[in-house]
Amino acid sequence: MLRLDEAAQVNVMLNKDLGVNLTIVDASELFLSRLEDVEDPEQKRRIIGNTFINVFEEEATKLDMAEADKGKIEWLLQGTLYPDVIESISFKGPSATIKTHHNVGGLLEDMRLKLIEPLRELFKGGRRAGTSNRLAGRH
């Protein structure tokens, strides 16, 4: 569900340039199969968010077992921005949800990972255009 060549760009930036031990998983068939015949945009966003967490937690569990000496993966770090929050959640007053973003309203309520969103209160001008990076954190 990434833009064309985005996975390769993120891999170069994080893995090669910054030395982050990054695992890339191609779950495109799973995403596409779950989205097949779904027309409602809100339902699609929930499916994307839920599927992302399903895949992420499954891969985190595999890494936990394979690399037990490095500690358990407990955190999901994602680049949620304030416009995503504004559009997804009605805080108070007569405002309405514009559209739910998969990284705000589409996440599973029973996630085993703790969520970190350091950019949540920033607008788009404060980040590099065209990215939506999510990383795992070990504790």
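I start with helix α3, where I47, I48, G49, T51, F52, I53, V55, F56, E57, E59, A60 and D64 are buried. Buried here means under 20% relative accessible area, exposed means over 50%, and partly exposed is in between, with a 1.4 Å probe and protein chains only. Helices (H or I, at least four residues) and strands (E, at least two) are DSSP runs, numbered from the N terminus.

Some ground rules. This is a predicted model, in which local features need pLDDT of at least 70 and side-chain atom pairs count only at pLDDT 80 or more, while totals for chains, interfaces and linings use all residues. Residues are numbered from 1 along each chain as its sequence is written, and side-chain values use heavy atoms, with hydrogens and water left out.

Back to α3. The helix has 26 residues and should span 38 Å at 1.5 Å a residue; its end C-alpha atoms lie 37 Å apart, which agrees. That expected span is 1.5 Å times one less than the number of residues.

Now the partner helix. The axes of α2 (residues 28-35) and α3 (residues 41-66) come within 10 Å and cross at roughly 145°. The axes are lines fitted to C-alpha atoms, for helices over the stretch in contact, and angles run from 0 to 180 degrees between N-to-C directions.

Which residues of α2 and α3 make the contact? From α2 they are L30, F31, R34 and L35, and from α3 K44, I47, I48, T51, F52, N54 and V55. Contact means heavy atoms within 4.5 Å. By class, the residues of this contact are seven nonpolar, two polar and two charged. Ala, Val, Leu, Ile, Met, Phe, Trp, Tyr, Cys and Pro count as nonpolar, Asp, Glu, Lys and Arg as charged, and the others, Gly among them, as polar.

The loop between α2 and α3 holds D37. Its phi is near 70°, a positive value in a residue other than glycine. D37 counts as exposed, at 73% relative accessibility. D5, in the segment before α1, also has a positive phi, about 65°, although D5 is not a glycine.

Within α1 (residues 6-17) sits N11. Is N11 buried or exposed? It is buried, with a relative accessible area of 17%. Leaving aside neighbours within four places in sequence, N11 contacts K16, L22 and I24.

Next, strand β2 (residues 114-116), which includes K114. K114 is partly exposed, at 39% relative accessible area. Not counting residues up to four places away in sequence, K114 touches E74, W75 and L76. K114 and E74 are 40 residues apart in sequence, with their C-alpha atoms 6.1 Å apart.

Finally, the whole chain. The protein has four helices and three strands, in the order α-α-α-β-α-β-β along the sequence. Of its 139 residues, 31% count as buried. Among contacts between residues at least 6 apart in sequence, 70% join residues at least 24 apart.

On confidence, pLDDT is the predictor's confidence in each residue, from 0 to 100. The protein averages 76, and 71% of the residues score at least 70. Over residues 130-139 pLDDT stays under 50, and the model has 40 contacts beyond four places in sequence for them.
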